[in-house]
Amino acid sequence: MSPPTSLLACLMTVTACHAAATTTSTGGVAEAKRLDYEVYAIQYGGLKDVPVNALVPGADPARKIDTAFMIWLIRGHGHTILVDTGFYREQFMNDWHPVDYVKPSLAIARLGLKPEDVTDVIITHLHWDHADGVDLFPNAHVWIQKDELQHYASEAKDKPSNAGVFADDVLPLVELDKQGKVTLIDGDGQTIFPGITAYTGGKHTFQSQFIGVSTAAGTVILASDNVYLYENIDHHVAITATLDAESNLRAQDRMTQLVADPKFIIPGHDAQVMTRFPHPIAGVAKIQ
C-alpha cells in the first residue's frame with residue numbers, strides 16, 4: 001500500500017520534543033540538574049556461526065562467531081524506555097532461525113516489566129530486527145529520526161522489502177504518527193529527555209541514530225548497529241553495511257569522545273556485552 005498524501009505531508013512536519021530540561025535554582029542562578037539513568041542490555045535471541053566479514057569488512061572469511069539480538073532498557077525519572085523493539089513476526093523467524101529466542105515483550109519480564117509498562121520506544125533505525133516489535137508495547141510513545149521515517153515511508157509502495165527495511169514495519173509507524181504517538185527527531189544532538197540524547201552520522205541506514213545516556217558511571221552510548229561488534233571500535237573499522245563508511249568512522253570517533261571509557265560504547269550485536277558487564281539475571285547485562 002502507498003502512504004496517503006496526508007501521511008507524507010505529516011512526515012514533513014517535525015514534532016517538537018516533549019521534554020524540557022530540569023533545573024534547580026541556587027542563589028537565584030538556574031543550574032542544570034544531572035539526571036542519571038539505569039541502562040540494561042536484554043538479549044532475546046541470537047544467531048550461530050555468523051561470518052565476521054559480514055560485520056567487519058576485511059575480516060577473515062573463515063572466521064565465524066555467535067551474535068546476539070538485543071534491545072536496551074533505560075529506566076529512571078518516571079521513564080521506562082526501550083531502545084529498539086526487536087522482532088517477532090513469523091517471516092523473520094522462518095528466514096533467520098534465531099536460537100534461544102524469546103519474544104521481546106516477554107524478555108523484559110526478566111526485569112519485572114510488562115509490555116504496558118514501557119512509556120517510550122526509541123527506534124535507532126528501521127531494520128526488521130530493531131523495529132518490527134513496535135506494536136508489542138501499546139502504551140509507548142515512539143521516537144525516531146524524521147529523515148529515517150520519511151525516507152523509507154516514501155519508498156514503501158515501490159519497495160515493500162528495502163534492504164532490510166519492510167513496509168509492514170514502516171507504515172504502522174506512519175499511522176502512529178498520525179495519531180500523535182510519534183516524535184520525529186530532527187537531526188543530530190537532539191535531547192529526547194534530559195540526560196538522553198540522539199546522535200546521527202553512523203549511516204547504517206538512511207538516518208540511523210545512536211543514543212547517549214547519562215548514568216552514574218558517565219555517558220553510555222547505545223550504538224545499535226552503527227557499531228556491530230566491539231571489534232569495529234577496537235580496530236577502528238567501519239561496519240560492513242553502511243551507506244557511508246567515512247561517516248560511520250567519524251561517528252565511531254565521536255562515540256569515543258562522548259564516553260569516559262570505550263567499554264561504554266555498546267555495540268548492536270556483540271554477544272560479549274553479556275559477559276563484559278554484570279548480569280544480575282540470565283540474558284540481562286547491567287551497563288555500569
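**Pockets, helices and a buried serine**

Mentor: First, keep in mind that this is a predicted model. By class, nine nonpolar, five polar and two charged residues line the largest pocket.

Trainee: How much space lies in the largest pocket?

Mentor: About 320 Å³. The lining has 16 residues. Leu 55, Trp 96, Asp 129, Tyr 228 and His 269 lie nearest the centre.

Trainee: Which elements give two or more residues to that lining?

Mentor: Strand 3 (38–51), strand 4 (64–76) and helix 4 (128–131).

Trainee: And the second largest pocket, how much space is there?

Mentor: About 160 Å³. Its lining divides into five nonpolar, six polar and one charged residue. Among the lining residues are His 127, His 151, Glu 155 and His 204.

Trainee: Which helix gives the most to that lining?

Mentor: Helix 5, residues 146–155, with three residues.

Trainee: New topic. How many residues does helix 8 have?

Mentor: Helix 8 runs over residues 245–258, so to speak a 14-residue stretch. From first C-alpha to last it reaches 20 Å, close to the 20 Å expected at 1.5 Å a residue.

Trainee: What sits at the start of helix 8?

Mentor: Asp 244 has a side-chain oxygen there, within 3.2 Å of the backbone nitrogen of Glu 246.

Trainee: Which residues of helix 8 are buried?

Mentor: Ser 247, Asn 248, Leu 249, Ala 251, Gln 252 and Met 255. Their cover includes strand 13 (209–215), strand 14 (218–224), helix 7 (230–234) and strand 15 (265–267).

Trainee: What about helix 6, which residues are buried there?

Mentor: Ala 167, Asp 169, Val 170, Leu 171, Leu 173, Val 174 and Asp 177. Helix 6 has twelve residues and reaches 17 Å, close to the 16 Å expected.

Trainee: What follows helix 6?

Mentor: Gly 180, with a positive phi near 80°.

Trainee: Last one. Where is Ser 208 found?

Mentor: In the loop between strand 12 (196–200) and strand 13.

Trainee: Is Ser 208 buried or exposed?

Mentor: Buried, because its relative accessible area is 0%, and the cut-off for buried is under 20%.

Trainee: What does the side chain of Ser 208 reach?

Mentor: The backbone nitrogen of His 204, at 3.0 Å. The Ser 208 side chain also makes a polar contact with the side chain of Asn 226, at 2.7 Å. Leaving aside neighbours within four places in sequence, the contacts of Ser 208 include Thr 124, His 125, Glu 148 and Tyr 199.

Note on methods: Residues are numbered from 1 along each chain as its sequence is written. This is a predicted model: local features need pLDDT of at least 70, side-chain atom pairs count only at pLDDT 80 or more; totals for chains, interfaces and linings use all residues. Side-chain values use heavy atoms; hydrogens and water are left out. On a 1 Å grid over the protein atoms alone, a cavity is a set of points where a 1.4 Å probe fits but cannot get out, and a pocket is an open set with protein on both sides within 12 Å along at least five of seven lines; lining residues have an atom within 4 Å of a point. Grid points are joined across faces, edges and corners, and a volume is the space filled by probe spheres set on the points. Helices (H or I, at least four residues) and strands (E, at least two) are DSSP runs, numbered from the N terminus. Ala, Val, Leu, Ile, Met, Phe, Trp, Tyr, Cys and Pro count as nonpolar, Asp, Glu, Lys and Arg as charged, and the others, Gly among them, as polar. The expected span of a helix is 1.5 Å times one less than its number of residues. Buried means under 20% relative accessible area, exposed over 50%, partly exposed in between (1.4 Å probe, protein chains only). Contact means heavy atoms within 4.5 Å. A polar contact is a pair of N or O atoms within 3.5 Å; within protein, one must be able to donate a hydrogen and the other to accept it, and residues adjacent in sequence count only if both atoms are side-chain atoms.
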